[in-house]
Amino acid sequence: MKDKNIIFEKSNNCISSYSFNIEKNEKDILNNIPQSLLNDNLSFMPDVSEGDVARHFIRLSNRNYGVDTGFYPLGSCTMKYNPKINEKVAGNPDFANIHPYSSTERVQGVLEVLYKCREALVEITGMDEIDLSPCAGAHGELTGLYIIKAYFKNKKEERPIILVPDSAHGTNPASASVAGFKVVSVKSDADGFVDIDDLKQKVSKDVACFMLTNPNTLGLYEKNLDQIVKICHDLDIQLYYDGANLNAILGISKPGETGFDVVHLNLHKSFATPHGGGGPGAGPVGVKKHLIDFLPGENVVYKNNKYSLEKRGSLSIGKVRSFYANFSVVLKSYVYIVSLGKEGFSKLGLLALLNANYLGVLLKEYFDIATKPHIMHEFVISLQKECDETHLTVMDFAKRILDYGYHAPTVSFPLIVHSCLMVEPTETESKETLDKFAEILIKILEESKTNPDLLKNSPVNTPIKRVDDVMAARTPVLKYSKDE
Ligand SMILES: Cc1ncc(COP(=O)(O)O)c(C=O)c1O
(Lines give C-alpha, C1' and ligand atoms only; values in the text may rest on other atoms or scores of the structure.)
Protein backbone atom coordinates (compact mmCIF):
# COMPACT_ATOMS: atom_id res chain seq x y z
CA MET A 1 0.00 0.00 0.00
CA LYS A 2 1.25 3.47 -0.79
CA ASP A 3 2.42 5.46 2.25
CA LYS A 4 0.26 8.57 2.40
CA ASN A 5 0.95 9.69 5.95
CA ILE A 6 2.44 13.07 6.54
CA ILE A 7 5.48 13.20 8.81
CA PHE A 8 3.49 14.31 11.86
CA GLU A 9 1.28 11.26 11.54
CA LYS A 10 4.37 9.05 11.71
CA SER A 11 5.36 10.49 15.04
CA ASN A 12 5.93 7.88 17.71
CA ASN A 13 6.98 9.08 21.15
CA CYS A 14 9.07 5.95 21.73
CA ILE A 15 11.47 7.29 19.10
CA SER A 16 13.77 10.20 19.75
CA SER A 17 14.47 12.58 16.90
CA TYR A 18 18.09 13.36 17.76
CA SER A 19 21.12 11.17 17.76
CA PHE A 20 23.60 12.88 20.07
CA ASN A 21 23.70 13.11 23.84
CA ILE A 22 21.73 16.27 24.32
CA GLU A 23 21.52 16.00 28.09
CA LYS A 24 25.27 16.13 28.50
CA ASN A 25 25.71 18.98 26.08
CA GLU A 26 22.42 20.69 26.61
CA LYS A 27 23.69 23.43 28.86
CA ASP A 28 26.52 24.43 26.56
CA ILE A 29 24.30 24.40 23.53
CA LEU A 30 21.55 26.44 25.15
CA ASN A 31 24.01 28.95 26.56
CA ASN A 32 25.27 29.63 23.06
CA ILE A 33 21.84 30.33 21.53
CA PRO A 34 20.37 33.81 22.03
CA GLN A 35 17.35 33.68 24.37
CA SER A 36 15.11 35.31 21.76
CA LEU A 37 15.68 32.38 19.38
CA LEU A 38 14.78 29.66 21.87
CA ASN A 39 11.41 27.97 21.56
CA ASP A 40 10.35 26.39 24.82
CA ASN A 41 7.51 24.46 23.22
CA LEU A 42 8.77 21.83 20.79
CA SER A 43 5.84 19.51 21.34
CA PHE A 44 4.71 20.11 17.73
CA MET A 45 7.86 18.42 16.39
CA PRO A 46 7.28 14.85 15.21
CA ASP A 47 9.20 12.09 16.99
CA VAL A 48 10.79 10.19 14.13
CA SER A 49 14.24 8.76 13.57
CA GLU A 50 16.77 10.32 11.22
CA GLY A 51 16.30 7.35 8.86
CA ASP A 52 12.54 7.86 8.80
CA VAL A 53 13.01 11.54 8.01
CA ALA A 54 15.36 10.74 5.11
CA ARG A 55 13.01 8.08 3.70
CA HIS A 56 9.95 10.27 4.09
CA PHE A 57 11.38 13.20 2.18
CA ILE A 58 13.12 11.10 -0.49
CA ARG A 59 9.79 9.32 -1.10
CA LEU A 60 8.02 12.67 -1.44
CA SER A 61 10.71 13.98 -3.80
CA ASN A 62 10.25 10.88 -5.97
CA ARG A 63 6.61 11.82 -6.42
CA ASN A 64 7.59 15.12 -7.92
CA TYR A 65 7.30 15.54 -11.67
CA GLY A 66 9.65 17.90 -13.46
CA VAL A 67 11.69 18.41 -16.61
CA ASP A 68 14.29 16.05 -15.17
CA THR A 69 11.76 13.23 -14.83
CA GLY A 70 9.82 13.44 -18.07
CA PHE A 71 8.32 15.29 -21.01
CA TYR A 72 6.61 18.53 -19.95
CA PRO A 73 4.82 20.04 -22.97
CA LEU A 74 3.20 22.92 -21.07
CA GLY A 75 2.29 25.46 -23.76
CA SER A 76 3.39 29.06 -23.15
CA CYS A 77 5.67 27.90 -20.32
CA THR A 78 8.74 26.65 -22.25
CA MET A 79 9.56 23.81 -19.87
CA LYS A 80 12.85 22.99 -21.56
CA TYR A 81 15.67 20.99 -20.06
CA ASN A 82 17.80 23.06 -17.67
CA PRO A 83 21.48 22.18 -18.28
CA LYS A 84 23.24 21.15 -15.08
CA ILE A 85 26.25 23.32 -15.75
CA ASN A 86 24.03 26.33 -14.97
CA GLU A 87 23.33 24.92 -11.49
CA LYS A 88 26.96 23.94 -10.96
CA VAL A 89 28.19 27.49 -11.57
CA ALA A 90 25.40 29.08 -9.53
CA GLY A 91 26.14 26.67 -6.69
CA ASN A 92 29.78 27.78 -6.49
CA PRO A 93 30.13 29.12 -2.91
CA ASP A 94 31.89 32.23 -4.25
CA PHE A 95 28.58 33.13 -5.88
CA ALA A 96 26.08 31.35 -3.65
CA ASN A 97 27.34 32.69 -0.32
CA ILE A 98 27.71 36.30 -1.33
CA HIS A 99 25.89 38.81 0.87
CA PRO A 100 23.80 41.55 -0.77
CA TYR A 101 25.37 44.18 1.49
CA SER A 102 28.95 43.25 0.47
CA SER A 103 31.10 46.15 -0.64
CA THR A 104 31.43 46.90 -4.35
CA GLU A 105 35.09 45.84 -4.22
CA ARG A 106 34.18 42.38 -2.91
CA VAL A 107 31.52 41.69 -5.56
CA GLN A 108 33.34 42.67 -8.75
CA GLY A 109 32.69 39.18 -10.19
CA VAL A 110 28.97 39.39 -9.49
CA LEU A 111 28.72 42.84 -11.05
CA GLU A 112 30.71 41.64 -14.06
CA VAL A 113 28.21 38.78 -14.61
CA LEU A 114 25.29 41.24 -14.39
CA TYR A 115 27.00 43.66 -16.76
CA LYS A 116 27.91 41.01 -19.33
CA CYS A 117 24.54 39.29 -19.19
CA ARG A 118 22.90 42.64 -19.80
CA GLU A 119 25.15 43.25 -22.81
CA ALA A 120 24.36 39.79 -24.20
CA LEU A 121 20.61 40.39 -23.81
CA VAL A 122 20.93 43.76 -25.58
CA GLU A 123 22.48 41.93 -28.51
CA ILE A 124 19.96 39.06 -28.47
CA THR A 125 16.90 41.33 -28.32
CA GLY A 126 18.14 44.21 -30.50
CA MET A 127 17.05 46.69 -27.81
CA ASP A 128 19.24 49.66 -26.79
CA GLU A 129 19.32 48.93 -23.06
CA ILE A 130 18.25 46.19 -20.66
CA ASP A 131 17.43 46.40 -16.97
CA LEU A 132 17.76 43.16 -15.04
CA SER A 133 15.82 44.03 -11.90
CA PRO A 134 12.30 42.55 -12.41
CA CYS A 135 11.98 39.06 -10.96
CA ALA A 136 9.16 37.53 -13.03
CA GLY A 137 7.52 37.96 -16.41
CA ALA A 138 4.55 39.78 -14.90
CA HIS A 139 6.93 41.95 -12.87
CA GLY A 140 8.70 42.82 -16.14
CA GLU A 141 5.35 43.76 -17.67
CA LEU A 142 4.51 46.03 -14.76
CA THR A 143 7.96 47.65 -14.92
CA GLY A 144 7.66 48.15 -18.70
CA LEU A 145 4.24 49.76 -18.31
CA TYR A 146 5.49 52.09 -15.56
CA ILE A 147 8.28 53.12 -17.94
CA ILE A 148 5.72 53.92 -20.66
CA LYS A 149 3.59 55.81 -18.15
CA ALA A 150 6.60 57.89 -17.07
CA TYR A 151 7.47 58.56 -20.73
CA PHE A 152 4.05 60.09 -21.45
CA LYS A 153 3.99 61.92 -18.12
CA ASN A 154 7.28 63.54 -19.09
CA LYS A 155 5.71 64.56 -22.41
CA LYS A 156 2.73 65.91 -20.46
CA GLU A 157 0.36 63.64 -22.34
CA GLU A 158 -2.62 61.85 -20.80
CA ARG A 159 -2.75 58.33 -22.23
CA PRO A 160 -5.06 56.21 -20.07
CA ILE A 161 -5.56 53.18 -22.37
CA ILE A 162 -3.57 49.99 -23.03
CA LEU A 163 -4.57 47.75 -25.95
CA VAL A 164 -4.28 44.00 -25.44
CA PRO A 165 -5.20 41.26 -27.97
CA ASP A 166 -7.97 38.88 -26.90
CA SER A 167 -5.44 36.02 -27.19
CA ALA A 168 -3.14 37.59 -24.57
CA HIS A 169 -1.89 35.91 -21.41
CA GLY A 170 -3.91 37.00 -18.37
CA THR A 171 -0.95 38.81 -16.84
CA ASN A 172 -1.02 41.43 -19.67
CA PRO A 173 -4.39 42.99 -18.80
CA ALA A 174 -3.70 42.40 -15.09
CA SER A 175 -0.38 44.31 -15.22
CA ALA A 176 -1.98 47.12 -17.23
CA SER A 177 -4.72 47.43 -14.69
CA VAL A 178 -2.30 47.37 -11.70
CA ALA A 179 -0.28 50.11 -13.46
CA GLY A 180 -3.46 52.23 -13.46
CA PHE A 181 -4.48 51.90 -17.13
CA LYS A 182 -7.82 51.02 -18.69
CA VAL A 183 -7.58 47.84 -20.76
CA VAL A 184 -9.20 47.65 -24.20
CA SER A 185 -9.23 44.30 -25.99
CA VAL A 186 -8.29 43.94 -29.68
CA LYS A 187 -9.94 41.07 -31.56
CA SER A 188 -8.15 38.24 -33.33
CA ASP A 189 -9.14 37.41 -36.89
CA ALA A 190 -10.36 33.97 -38.00
CA ASP A 191 -6.76 32.70 -38.30
CA GLY A 192 -5.71 33.94 -34.83
CA PHE A 193 -3.71 37.02 -35.92
CA VAL A 194 -4.41 40.59 -34.73
CA ASP A 195 -7.53 41.84 -36.52
CA ILE A 196 -6.10 44.92 -38.25
CA ASP A 197 -9.50 46.56 -38.84
CA ASP A 198 -10.33 46.23 -35.15
CA LEU A 199 -6.92 47.63 -34.19
CA LYS A 200 -7.44 50.64 -36.49
CA GLN A 201 -10.74 51.39 -34.79
CA LYS A 202 -9.21 51.26 -31.32
CA VAL A 203 -6.04 53.31 -31.74
CA SER A 204 -6.08 56.97 -30.76
CA LYS A 205 -4.00 59.56 -28.90
CA ASP A 206 -5.55 58.13 -25.70
CA VAL A 207 -3.67 54.86 -26.14
CA ALA A 208 -0.29 54.56 -24.39
CA CYS A 209 0.69 51.11 -25.57
CA PHE A 210 -0.22 47.98 -27.52
CA MET A 211 0.99 44.83 -25.73
CA LEU A 212 1.74 42.02 -28.14
CA THR A 213 3.00 38.50 -27.57
CA ASN A 214 4.93 37.34 -30.61
CA PRO A 215 4.63 34.54 -31.57
CA ASN A 216 1.22 34.95 -30.00
CA THR A 217 -0.30 32.49 -27.56
CA LEU A 218 -1.57 30.39 -30.46
CA GLY A 219 2.03 29.94 -31.59
CA LEU A 220 1.61 32.25 -34.61
CA TYR A 221 4.12 34.88 -35.72
CA GLU A 222 2.11 38.07 -36.36
CA LYS A 223 1.97 38.25 -40.15
CA ASN A 224 1.07 41.96 -40.26
CA LEU A 225 3.76 43.17 -37.89
CA ASP A 226 5.00 45.98 -40.18
CA GLN A 227 1.46 47.30 -40.51
CA ILE A 228 0.86 47.06 -36.74
CA VAL A 229 4.10 48.95 -36.03
CA LYS A 230 3.14 51.71 -38.46
CA ILE A 231 -0.43 52.07 -37.17
CA CYS A 232 0.87 52.39 -33.58
CA HIS A 233 3.97 54.50 -34.16
CA ASP A 234 2.06 57.05 -36.30
CA LEU A 235 0.28 57.95 -33.04
CA ASP A 236 3.38 57.42 -30.83
CA ILE A 237 1.65 54.38 -29.27
CA GLN A 238 4.42 52.33 -27.65
CA LEU A 239 4.72 48.75 -28.83
CA TYR A 240 5.27 46.30 -26.01
CA TYR A 241 6.72 42.85 -26.70
CA ASP A 242 5.73 40.16 -24.20
CA GLY A 243 8.85 38.01 -24.56
CA ALA A 244 7.52 34.92 -22.82
CA ASN A 245 7.54 33.22 -26.24
CA LEU A 246 10.97 34.53 -27.24
CA ASN A 247 12.23 30.93 -27.41
CA ALA A 248 10.60 30.64 -30.83
CA ILE A 249 12.61 33.45 -32.38
CA LEU A 250 15.96 33.11 -30.61
CA GLY A 251 18.63 33.33 -33.27
CA ILE A 252 16.03 34.17 -35.95
CA SER A 253 14.68 37.66 -35.27
CA LYS A 254 15.01 40.45 -32.69
CA PRO A 255 12.10 42.45 -31.20
CA GLY A 256 14.22 45.62 -31.28
CA GLU A 257 14.68 45.26 -35.05
CA THR A 258 11.01 44.58 -35.74
CA GLY A 259 9.74 47.83 -34.24
CA PHE A 260 9.13 47.15 -30.56
CA ASP A 261 9.84 49.87 -27.98
CA VAL A 262 9.73 47.76 -24.80
CA VAL A 263 10.28 44.07 -24.22
CA HIS A 264 10.32 41.82 -21.20
CA LEU A 265 12.01 38.43 -21.23
CA ASN A 266 11.31 35.39 -19.12
CA LEU A 267 14.81 34.15 -18.31
CA HIS A 268 13.13 31.28 -16.48
CA LYS A 269 11.71 30.08 -19.80
CA SER A 270 13.77 30.94 -22.87
CA PHE A 271 17.08 31.03 -21.00
CA ALA A 272 16.71 27.64 -19.34
CA THR A 273 16.52 28.38 -15.64
CA PRO A 274 14.22 26.21 -13.54
CA HIS A 275 10.72 27.47 -12.88
CA GLY A 276 7.32 26.34 -11.78
CA GLY A 277 5.52 26.60 -8.49
CA GLY A 278 5.80 30.38 -8.52
CA GLY A 279 9.49 30.99 -8.99
CA PRO A 280 12.25 31.90 -8.84
CA GLY A 281 12.31 33.91 -12.02
CA ALA A 282 13.74 36.92 -13.77
CA GLY A 283 11.90 39.24 -16.14
CA PRO A 284 14.46 41.74 -17.50
CA VAL A 285 13.06 44.70 -19.39
CA GLY A 286 14.58 46.07 -22.57
CA VAL A 287 13.86 49.46 -24.12
CA LYS A 288 14.75 51.58 -27.13
CA LYS A 289 16.79 54.79 -26.73
CA HIS A 290 13.90 57.17 -26.08
CA LEU A 291 12.93 55.20 -22.94
CA ILE A 292 16.34 54.58 -21.35
CA ASP A 293 16.05 57.51 -18.90
CA PHE A 294 12.91 55.98 -17.38
CA LEU A 295 14.44 52.58 -16.50
CA PRO A 296 14.39 51.49 -12.83
CA GLY A 297 16.63 52.73 -10.02
CA GLU A 298 20.15 51.50 -10.70
CA ASN A 299 22.36 50.42 -13.56
CA VAL A 300 25.50 48.25 -13.57
CA VAL A 301 28.32 50.25 -15.11
CA TYR A 302 31.98 49.64 -15.92
CA LYS A 303 34.20 52.70 -15.44
CA ASN A 304 37.94 53.03 -14.71
CA ASN A 305 38.41 49.24 -14.68
CA LYS A 306 35.75 48.82 -12.03
CA TYR A 307 32.14 47.57 -12.01
CA SER A 308 29.58 49.32 -9.83
CA LEU A 309 25.89 50.07 -9.42
CA GLU A 310 25.06 53.63 -10.48
CA LYS A 311 21.85 55.44 -9.60
CA ARG A 312 19.84 56.48 -12.64
CA GLY A 313 18.71 60.07 -13.19
CA SER A 314 15.63 61.92 -11.99
CA LEU A 315 13.33 60.54 -14.73
CA SER A 316 13.81 56.95 -13.54
CA ILE A 317 10.69 55.17 -12.29
CA GLY A 318 12.74 54.23 -9.18
CA LYS A 319 13.53 50.83 -7.76
CA VAL A 320 11.11 47.98 -8.50
CA ARG A 321 12.57 45.52 -5.98
CA SER A 322 15.04 45.34 -3.12
CA PHE A 323 18.71 45.10 -4.13
CA TYR A 324 19.36 44.48 -7.86
CA ALA A 325 18.04 41.47 -9.81
CA ASN A 326 17.43 37.83 -8.95
CA PHE A 327 21.13 37.18 -9.22
CA SER A 328 21.26 33.37 -9.31
CA VAL A 329 18.67 33.28 -12.13
CA VAL A 330 20.62 35.87 -14.13
CA LEU A 331 23.82 33.93 -13.51
CA LYS A 332 22.32 30.63 -14.73
CA SER A 333 20.99 32.37 -17.84
CA TYR A 334 24.38 33.91 -18.52
CA VAL A 335 26.03 30.49 -18.26
CA TYR A 336 23.40 29.21 -20.71
CA ILE A 337 24.12 32.02 -23.19
CA VAL A 338 27.90 31.57 -22.93
CA SER A 339 27.81 27.77 -23.13
CA LEU A 340 25.62 27.79 -26.24
CA GLY A 341 27.68 30.51 -27.86
CA LYS A 342 26.61 32.39 -30.99
CA GLU A 343 26.44 29.21 -33.04
CA GLY A 344 24.30 27.32 -30.56
CA PHE A 345 21.99 30.28 -30.13
CA SER A 346 21.48 30.67 -33.86
CA LYS A 347 20.00 27.13 -33.98
CA LEU A 348 17.88 27.35 -30.85
CA GLY A 349 14.69 28.90 -32.23
CA LEU A 350 14.82 26.80 -35.39
CA LEU A 351 15.04 23.56 -33.39
CA ALA A 352 12.11 24.63 -31.20
CA LEU A 353 10.08 25.27 -34.39
CA LEU A 354 11.17 21.97 -35.91
CA ASN A 355 10.02 19.99 -32.86
CA ALA A 356 6.65 21.74 -32.63
CA ASN A 357 6.01 21.32 -36.35
CA TYR A 358 7.07 17.67 -36.29
CA LEU A 359 4.65 16.90 -33.45
CA GLY A 360 1.94 18.98 -35.13
CA VAL A 361 2.29 16.97 -38.34
CA LEU A 362 2.05 13.66 -36.42
CA LEU A 363 -1.19 14.80 -34.80
CA LYS A 364 -2.95 16.85 -37.43
CA GLU A 365 -4.82 14.00 -39.13
CA TYR A 366 -6.33 12.96 -35.77
CA PHE A 367 -6.95 16.29 -34.04
CA ASP A 368 -8.30 19.71 -34.92
CA ILE A 369 -5.20 21.91 -34.72
CA ALA A 370 -6.46 25.45 -34.27
CA THR A 371 -3.18 26.98 -35.36
CA LYS A 372 -3.47 27.34 -39.11
CA PRO A 373 -1.84 27.83 -41.54
CA HIS A 374 1.52 27.29 -39.82
CA ILE A 375 2.90 26.64 -36.39
CA MET A 376 5.83 28.32 -34.68
CA HIS A 377 7.09 26.83 -31.37
CA GLU A 378 3.75 25.69 -29.98
CA PHE A 379 0.29 24.76 -31.22
CA VAL A 380 -3.23 24.58 -29.92
CA ILE A 381 -5.49 21.54 -30.29
CA SER A 382 -9.23 22.12 -30.01
CA LEU A 383 -11.04 19.17 -28.41
CA GLN A 384 -14.43 20.84 -28.72
CA LYS A 385 -15.78 18.31 -31.23
CA GLU A 386 -14.59 15.34 -29.13
CA CYS A 387 -16.01 16.88 -25.95
CA ASP A 388 -19.39 17.49 -27.62
CA GLU A 389 -19.56 13.93 -28.93
CA THR A 390 -18.44 12.12 -25.79
CA HIS A 391 -19.60 14.52 -23.00
CA LEU A 392 -16.04 14.44 -21.72
CA THR A 393 -14.16 17.62 -20.80
CA VAL A 394 -10.71 18.77 -21.83
CA MET A 395 -9.69 18.11 -18.21
CA ASP A 396 -10.60 14.41 -18.63
CA PHE A 397 -8.21 14.20 -21.59
CA ALA A 398 -5.49 16.05 -19.69
CA LYS A 399 -5.81 13.83 -16.59
CA ARG A 400 -5.58 10.67 -18.70
CA ILE A 401 -2.23 11.91 -20.07
CA LEU A 402 -0.88 11.75 -16.48
CA ASP A 403 -1.71 8.03 -16.36
CA TYR A 404 0.78 7.47 -19.17
CA GLY A 405 3.51 9.18 -17.18
CA TYR A 406 3.60 12.57 -18.92
CA HIS A 407 2.81 16.07 -17.76
CA ALA A 408 -0.30 17.39 -19.53
CA PRO A 409 -0.12 20.34 -21.92
CA THR A 410 -1.65 23.67 -20.86
CA VAL A 411 -5.46 23.41 -20.85
CA SER A 412 -8.18 25.94 -21.69
CA PHE A 413 -5.72 28.65 -22.79
CA PRO A 414 -5.76 30.76 -24.90
CA LEU A 415 -9.34 31.64 -24.04
CA ILE A 416 -10.30 32.19 -27.68
CA VAL A 417 -10.06 28.45 -28.44
CA HIS A 418 -12.62 26.37 -26.57
CA SER A 419 -11.71 23.08 -24.86
CA CYS A 420 -8.10 23.38 -25.93
CA LEU A 421 -4.75 21.82 -25.19
CA MET A 422 -1.71 23.98 -25.88
CA VAL A 423 1.40 21.96 -26.65
CA GLU A 424 4.96 23.30 -26.53
CA PRO A 425 7.56 20.55 -26.92
CA THR A 426 10.66 22.86 -26.88
CA GLU A 427 13.93 22.15 -28.67
CA THR A 428 15.35 19.88 -25.98
CA GLU A 429 13.16 16.83 -26.70
CA SER A 430 14.16 13.94 -28.95
CA LYS A 431 12.23 12.58 -31.94
CA GLU A 432 11.59 9.39 -29.91
CA THR A 433 9.91 11.35 -27.10
CA LEU A 434 7.74 13.25 -29.58
CA ASP A 435 6.77 10.01 -31.40
CA LYS A 436 5.80 8.37 -28.11
CA PHE A 437 3.78 11.39 -26.95
CA ALA A 438 1.88 11.53 -30.26
CA GLU A 439 1.17 7.79 -29.95
CA ILE A 440 -0.26 8.33 -26.46
CA LEU A 441 -2.48 11.25 -27.48
CA ILE A 442 -3.87 9.19 -30.37
CA LYS A 443 -4.45 6.24 -28.02
CA ILE A 444 -6.31 8.49 -25.55
CA LEU A 445 -8.44 9.81 -28.41
CA GLU A 446 -9.37 6.21 -29.21
CA GLU A 447 -10.12 5.49 -25.53
CA SER A 448 -12.40 8.54 -25.40
CA LYS A 449 -14.60 6.83 -28.00
CA THR A 450 -14.42 3.24 -26.83
CA ASN A 451 -14.21 3.67 -23.04
CA PRO A 452 -14.93 7.25 -21.96
CA ASP A 453 -15.14 6.20 -18.30
CA LEU A 454 -11.40 5.55 -18.36
CA LEU A 455 -10.91 9.26 -18.99
CA LYS A 456 -13.65 10.34 -16.58
CA ASN A 457 -12.01 8.43 -13.72
CA SER A 458 -8.44 9.30 -14.54
CA PRO A 459 -5.80 9.61 -13.26
CA VAL A 460 -5.58 6.15 -11.74
CA ASN A 461 -1.80 5.68 -11.80
CA THR A 462 -0.74 8.78 -9.87
CA PRO A 463 -0.16 8.91 -6.07
CA ILE A 464 -2.92 11.51 -5.71
CA LYS A 465 -6.07 11.07 -7.78
CA ARG A 466 -8.20 13.92 -9.09
CA VAL A 467 -8.29 16.78 -6.62
CA ASP A 468 -11.12 19.21 -6.10
CA ASP A 469 -9.42 22.25 -7.70
CA VAL A 470 -11.91 24.75 -6.32
CA MET A 471 -11.62 23.47 -2.76
CA ALA A 472 -7.82 23.27 -3.04
CA ALA A 473 -7.70 26.89 -4.21
CA ARG A 474 -10.31 28.31 -1.83
CA THR A 475 -9.60 26.39 1.35
CA PRO A 476 -6.06 25.08 1.14
CA VAL A 477 -4.77 23.24 4.21
CA LEU A 478 -1.20 24.43 4.41
CA LYS A 479 -0.37 23.72 8.03
CA TYR A 480 -0.61 20.63 10.18
CA SER A 481 -2.72 20.97 13.25
CA LYS A 482 -2.99 18.20 15.85
CA ASP A 483 -6.64 18.99 16.44
CA GLU A 484 -7.79 18.55 12.84
C1 LIG B 1 2.66 34.84 -22.67
C2 LIG B 1 3.02 35.04 -21.22
N3 LIG B 1 3.20 36.30 -20.75
C4 LIG B 1 3.53 36.53 -19.47
C5 LIG B 1 3.69 35.49 -18.56
C6 LIG B 1 4.01 35.81 -17.13
O7 LIG B 1 5.26 35.34 -16.71
P8 LIG B 1 5.53 34.99 -15.17
O9 LIG B 1 4.78 33.73 -14.89
O10 LIG B 1 7.01 34.81 -15.06
O11 LIG B 1 5.04 36.13 -14.35
C12 LIG B 1 3.51 34.17 -19.00
C13 LIG B 1 3.65 33.05 -18.05
O14 LIG B 1 3.25 31.93 -18.25
C15 LIG B 1 3.18 33.93 -20.37
O16 LIG B 1 3.02 32.69 -20.83
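**Entry 1: Tyr221**

I started with Tyr221, which has 25% relative accessibility and so counts as partly exposed; buried would need under 20%, and exposed over 50%. I'm working from a predicted model here. Next I checked where Tyr221 sits, and found it in the loop between β4 (207–213) and α9 (225–233).

What does Tyr221 touch, leaving aside its neighbours within four places in sequence? I got Phe193, Asn214, Pro215, Ile249, Ser253, Thr258 and Met376. I also looked up Leu145: Tyr221 is 76 residues from Leu145 in sequence, and their C-alpha atoms are 23 Å apart in space.

**Entry 2: the whole fold**

I zoomed out and noted 16 helices and 13 strands in the protein. Along the principal axes, I have the C-alpha trace spanning about 80 × 70 × 45 Å.

How much of the protein counts as buried? I noted 46% of the 484 residues. For contacts between residues at least 6 apart in sequence, I found that 70% join residues at least 24 apart.

**Entry 3: surface and charge**

I put the accessible surface at about 24,700 Å², with 54% of that belonging to carbon and sulfur atoms. Last, I checked the charges: there are 54 positive and 61 negative ones, and their mean positions lie 2 Å apart.

Conventions: Residues numbered from 1 in each chain as written. Predicted model: local features only at pLDDT ≥ 70, side-chain atom pairs only at ≥ 80, totals over all residues. Heavy atoms only, no water. Helix = DSSP H or I, 4+ residues; strand = E, 2+ residues; numbered from the N terminus. Buried < 20%, exposed > 50% of the residue type's maximum accessible area, 1.4 Å probe, protein only. Contact = heavy atoms within 4.5 Å. Areas by Shrake-Rupley, 256 points an atom, 1.4 Å probe, with all protein chains shown as cover. Lys, Arg positive; Asp, Glu negative; His and termini not counted. Charge placed at Lys NZ, Arg CZ, Asp CG, Glu CD.
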